[in-house]
Amino acid sequence: MKKDIVKLGVVGLGRGAYVVKTIIGEEKVQLRAICDKNPEKLKEAEKTFRDEMKVSDLLSFSDFDEFLKSDIDAVYIATDAICHVPFVEKAMAAGKHVLSEIPPVNSVEEAKKLRATVKAHPELKYMAGENCCWWAFIDSWKKMYEAGKLGEAIYAEAEYLHSTDYLKFEEEKPADGHWRTFNPAIKYLTHDLGPLLYILNDKCVSVSCMVPEVSYNPYKTISAQNGVAIFKTAKGAVIRILICFGAYVGFDHNFEIIGTRGTVETDKTKPLEDAHYFARFSDIPGTLEAKIDVPVTLQYPEEASVGAEGHGGADKKMVLSFVDCILNDTEPPVDVDLGIRMAIPGIIADISAQNGGAVMEIPDPEDF
């Protein structure tokens, strides 16, 4: 019998609570259960959802195994990155659909485990939570590419800039042990490589990566606070990705695609939330000499009245897209194959950086 509502549980009440707030009140999904091993986060989430947002009949758990025994249909996994695959394995074994935060995997071995787990449960939906694929300009670029307006992609690039003012450096909490303190920056590239592969329907086949030998934040325990990777794709394009967590750069994402029939690029002069994008199209006379300004940012203009909470509305769109896949029995936009294609290149890029930028072949996810 076709379902008309999805009962959702969320584990990991940092990122998880932030995202789930955006879907409270939606008719097709009900927040049914929350879970976190941290008692303070659990208590805070209980107050937010039960008292402030008036979520009725909410179940609360500190133990993930007990959480999975509740009457939820699907699990949103928003734990530390190193826990994603083990939690996916348990959730799907318990008969739950899964939306997993990124990066979906942390190693080639985990990718193989994830592929096997999803394959063993064809009756369940798995989606990788790369929320940036739900930005309006990314959707716009994908439609343009698929319509042939950009022609064949020759080159693409993206930058993830995320840094603290050096005048505000202090010892970080949590201390050593949190995954962000030991994961090299280049491994956290799905927010930027992911949308490009989503648009181009491509995969990376080789990489050369270099890491600057300059430390910006003395409290960081890893030296690889930044990384620049050059990828070759199966379709013959070249992609450059910069992940910069250790420089005076602020917070932003920049994207560009250069094709045989057109180009598109985000406006670097403004924060992404406010920046239009610029384009040249061979079928629009005059744009070879003068780029046109396209008024689409994280949201389409007609969405402005809805509000921009949750990364410009992308978080809400992501969760509702996952819910729709369950209700309509359709394939997730970012399925296990695409999720792995987004993550493996960063893992191999890190190995390349450790070997002085040597060109490394990237395993084909289809072989896993």
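Is cysteine 209 buried or exposed, and what is its relative accessible area? Cysteine 209 is buried, with a relative accessible area of 0%, where buried means under 20% relative accessible area, exposed over 50%, and partly exposed in between (1.4 Å probe, protein chains only). The structure is a predicted model, in which local features need pLDDT of at least 70 and side-chain atom pairs count only at pLDDT 80 or more, whereas totals for chains, interfaces and linings use all residues. Residues are numbered from 1 along each chain as its sequence is written, and side-chain values use heavy atoms, with hydrogens and water left out.

The protein chain has 11 helices and 15 strands, these being DSSP runs numbered from the N terminus (helices H or I, at least four residues; strands E, at least two). Its radius of gyration is 21 Å, close to the 21 Å that the globule rule gives for 368 residues, so the protein chain is as compact as a globular protein of that length; the radius is taken over C-alpha atoms, and the rule is 2.2 Å times the number of residues to the power 0.38. The C-alpha trace spans about 60 × 45 × 45 Å along its principal axes. Of the 368 residues, 55% count as buried, and residues 24 or more positions apart account for 70% of the contacts with a separation of 6 or more, a contact meaning heavy atoms within 4.5 Å. The protein chain exposes about 16900 Å², of which carbon and sulfur atoms supply 52%, as computed by the Shrake-Rupley method with a 1.4 Å probe. There are 41 positive and 58 negative side chains, and the centres of the two sets lie 2 Å apart; Lys and Arg count as positive and Asp and Glu as negative, with His and the chain ends not counted, and the place of a charge is taken as NZ of Lys, CZ of Arg, CG of Asp or CD of Glu.

Helix 8 (residues 190-200) is largely enclosed by the rest of the structure, because 11 of its 11 residues are buried. These buried residues include His191, Asp192, Pro195 and Tyr198. They pack against helix 6 (136-146) and helix 11 (336-354), and also against strand 7 (153-162), strand 8 (204-210), strand 10 (238-244) and strand 11 (251-259). Asparagine 201 lies in the loop between helix 8 and strand 8 and, just after the helix, takes a positive phi of about 50°. At 52% relative accessibility, asparagine 201 counts as exposed.

Other backbone features occur in loops elsewhere in the chain. Aspartate 329, in the loop between helix 10 and helix 11, has a positive phi of about 55° although it is not a glycine, and aspartate 329 is exposed, with a relative accessible area of 60%. A cis peptide bond, with omega of about -5°, joins isoleucine 102 and proline 103, and proline 103 is found in the loop between strand 5 (97-100) and helix 5 (108-119). Most residues other than glycine have a negative phi, and most peptide bonds are trans.

With a disulfide taken as a pair of cysteine sulfur atoms within 2.5 Å, the count comes to 0 disulfides. The sulfur of cysteine 204 is 12 Å from the closest cysteine sulfur, in cysteine 209, which is too far for a bond. Cysteine 204 counts as buried, at 5% relative accessibility.

The C-alpha atoms of phenylalanine 67 and aspartate 337, 270 residues apart along the chain, are separated by 27 Å. The C-alpha atoms of alanine 275 and threonine 330, 55 residues apart along the chain, are separated by 33 Å.
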